[in-house]
Amino acid sequence: MIENPWTPAHQAVESGDHAELTRLLDEGPDVNEVCWGMTLLEHAIDLEGDSALQSGTPIDSRLTAILLTYGADPRPQPPGRMSAMDLADFYGHDIAYRLIDRITSAAASGPRSGLRSWRRSRKD
């Protein structure tokens, strides 16, 4: 029997299981975990882009949006590798590219709401 090579969060990405990915991220695993050389965000963009390419359907960006909402770092892990932006560009995943750009721009300008502190207080 072949063992599943993915962590639970990476398996949720690989399966395109948005609800399971959200549930797992709510439980607190590292949103930037690396498995088989890819972060969750890189995995999501690769999966979304490749799936659209193979099926000829529009790119579904829900996995990318979920991961960025939970704070996924779009910088390459480790440095020197293809970044999430590079993958988005490679696949023509314009939505992922714009989401990353907006989130990194917003992060540079500072927090705009108390959502993070609200979530922290709910876990206590």
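Let me begin with His 10, which counts as buried because its relative accessibility is 0%; buried means under 20% relative accessible area, exposed over 50% and partly exposed in between, with a 1.4 Å probe and protein chains only. What we are looking at is a predicted model, in which local features need pLDDT of at least 70 and side-chain atom pairs count only at pLDDT 80 or more, while totals for chains, interfaces and linings use all residues. Residues are numbered from 1 along each chain as its sequence is written, and side-chain values use heavy atoms, with hydrogens and water left out.

His 10 lies in helix α1, residues 8-15. Helices (H or I, at least four residues) and strands (E, at least two) are DSSP runs, numbered from the N terminus. The side chain of His 10 reaches the backbone oxygen of Glu 33 at 3.5 Å. Leaving aside neighbours within four places in sequence, His 10 is in contact with several residues, including Val 34, Cys 35 and His 43; contact means heavy atoms within 4.5 Å.

That brings me to His 43, found in helix α3. Is His 43 buried or exposed? His 43 counts as buried, at 2% relative accessibility. A polar contact of 2.7 Å joins the side chains of His 43 and Glu 14. By polar contact I mean a pair of N or O atoms within 3.5 Å; within protein, one must be able to donate a hydrogen and the other to accept it, and residues adjacent in sequence count only if both atoms are side-chain atoms. Not counting residues up to four places away in sequence, His 43 touches Trp 6, His 10, Val 13, Glu 14 and Met 38.

Next, the packing of helices. The axes of α3 (residues 40-55) and α5 (residues 84-91) come within 9 Å and cross at roughly 5 degrees. Axes are lines fitted to C-alpha atoms, for helices over the stretch in contact, and angles run from 0 to 180 degrees between N-to-C directions. The two helices, α3 and α5, are therefore roughly parallel to each other, a description for angles under 35 degrees. Among the residues that meet are Leu 41, Ile 45 and Leu 53 in α3, and Ala 84, Leu 87 and Tyr 91 in α5.

Finally, the whole chain. There are 7 helices and 2 strands, in the order α-α-β-β-α-α-α-α-α along the sequence. Of the 124 residues, 33% count as buried.

Notes:
Angles under 35 degrees count as roughly parallel, over 145 as roughly antiparallel, 65 to 115 as roughly perpendicular and the rest as oblique.
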